[in-house]
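Please take a moment to look over the sequence and the structure below before reading on.

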Amino acid sequence: MRDVADHLGVSRQLVSMVLRGVDGPSAESRERILTAARELGYRPNASARLLKRDRTKLIGVVFQIRNPFQGRFVEELLVRASAAGYGLALEPVTDDRTTDTVVAELMEQRVEAIIAFNPDQGSSVLREAIDRMPVVLLGEWARLSAVDNVHVDEERGLLQAVEHLVTLGHTRIAYVGGIGADLGPQRAEAYRAAMSAFGRRERAVIIPSDFSEESGADAARSVLTMSDDRPTALICCGDQCATGVLAVFARSRVSVPRDVSVIGFDDSYLASLSYQQLTSVHQDVGATVEATMGCVLARLSGEDAPVQRIATSTRLVVRTTTGAPVR
C-alpha cells in the first residue's frame, strides 16, 4: 500500500480504503489506485485478512497420495472448495506420518474442518479435532458416532460384480483382499454378503491381500499354486491390487479372461488404461465430493442436523478382463 501511495502521490489511508472496498473514495481515485496496484504487482494477502476476522477458510484433507481414487477426489475437491470460498490444506498419510501427526499439523494450520480418508479412528488427536470442528470420514464405515461419514455403497458394488460373473457362468469366484484397517474386512464382508445373495456363501473364498500392487501380486502367486479348486474368477479389493494380479498372470502366461476373469474396485485411471482394460466397480468421485462438501458446509454454517451416513452409488464398468469360463 505504501508503494502504491508513493507512486500516485496520495495518502496510504486512501489506498487502504480502495483496496479494502470501503465506501468514500471517488470513482476516479478508485480506478487510478486499482490500475497502479495491478501495474506494481500488488496482490491482497487473503490469509492476513482472514486472520484478522479469526477465520482461515481452510479445510484440511487427510489422504493417501498414491491412491488413485483419493487423488482424483482431491483434484475435484480443490475446485468445489474454491467455488465455496475455501482453500485446502493437504496432509498425506504415509508409513511414517500417522493420523496423530497429520491431524495435529492440520490443527496447527487452524483449519476449520477436516476431511479424512480411512484414518486411525482410535487416534487421540483425531478425537480432539472432532471435539473442536466438523470432521467427515471417508473410505470406510465410521465406528465414531459423532462424525459425518461418506462411504461408497460397496455392498451394492460387489453384488453387481458377483452377479456379472454368475451370469457369465462362473461358480468358483474368489475375493482378493480382506486386509487393511477397517476397510479391508468391511469390503470382504460385502463380498460374502454378495455370494450369499446368490446362494454361494459356502463357496466364498478370500485370498488375503491389502490394497497394494505387491500384495495383489502375492495373492496371484498363491492362486497359481492351487490345483483343482483354482478360482475361475477373482474380485479384487481395489484397482491397484488388481493391477498386481494382472501383472503376475501375464508373466506366468495365464490368459485373462480365458483362464481367469478379474474385476477391480474403484474404476480408477488404472482400470481404463489401454493395455489393462480392467472390469471394475465404479465409485463416483463427483458424488463423493458433493456429499462431503455438503456435510462440511452445513456444519460450518452452524446447521444443527443429525450425523449423516451417506452411501454413494456404484455401477459395474465391464471391460475386457471378464468373460465366460473355459474350464
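What follows moves from the overall outline to the sheets and then to a single residue.

The model shown here is predicted, and in it the protein contains 13 helices and 12 strands. Its radius of gyration is 26 Å, well over the 20 Å that the globule rule gives for 327 residues, so the protein is more spread out than a compact globule. The C-alpha trace spans about 90 × 40 × 35 Å along its principal axes. Of the 327 residues, 46% count as buried, while the protein exposes about 15900 Å², of which carbon and sulfur atoms supply 48%. Among contacts with a separation of 6 or more, 66% come from residues 24 or more positions apart.

We turn next to the sheets. Strands of a sheet pair through backbone hydrogen bonds, either parallel or antiparallel.

Another open sheet is formed by 6 strands in the order S7-S6-S8-S9-S10-S12, and here the pairing is mixed. Strand S7 (205-209) and strand S12 (314-317) are the edge strands, each pairing on one side only, and neighbouring strands of this sheet are turned by 20 degrees against each other on average, direction ignored. Strand S6 (residues 173-178) runs parallel to S7 and is joined to it by 5 bridges; the bridge partner of Gly178 in S7 is Ser209. Helix H11 (residues 239-251) packs on this sheet, where it touches S6, S7, strand S8 (233-236), strand S9 (261-266) and strand S10 (279-283), and the direction of H11 makes about 155 degrees with that of S9.

Helix H11 also holds the residue with which this walk ends, Gln240. Is Gln240 buried or exposed? Gln240 has 14% relative accessibility, and because buried means under 20%, Gln240 counts as buried. Leaving aside residues up to four places away in sequence, Gln240 touches Arg66, Asn67, Pro68, Phe211, Ser212, Glu213 and Leu270. With Arg66 there is a further detail, for the side chain of Gln240 reaches the backbone oxygen of Arg66 at 3.2 Å.

Technical notes: Residues are numbered from 1 along each chain as its sequence is written. This is a predicted model: local features need pLDDT of at least 70, side-chain atom pairs count only at pLDDT 80 or more; totals for chains, interfaces and linings use all residues. Side-chain values use heavy atoms; hydrogens and water are left out. Two strands pair if DSSP finds at least two bridges between them. Helices (H or I, at least four residues) and strands (E, at least two) are DSSP runs, numbered from the N terminus. Axes are lines fitted to C-alpha atoms, for helices over the stretch in contact, and angles run from 0 to 180 degrees between N-to-C directions. Contact means heavy atoms within 4.5 Å. Buried means under 20% relative accessible area, exposed over 50%, partly exposed in between (1.4 Å probe, protein chains only). A polar contact is a pair of N or O atoms within 3.5 Å; within protein, one must be able to donate a hydrogen and the other to accept it, and residues adjacent in sequence count only if both atoms are side-chain atoms. The radius of gyration is taken over C-alpha atoms; the globule rule is 2.2 Å times the number of residues to the power 0.38. Accessible areas come from the Shrake-Rupley method with a 1.4 Å probe; for residues, only the protein chains shown count as cover.
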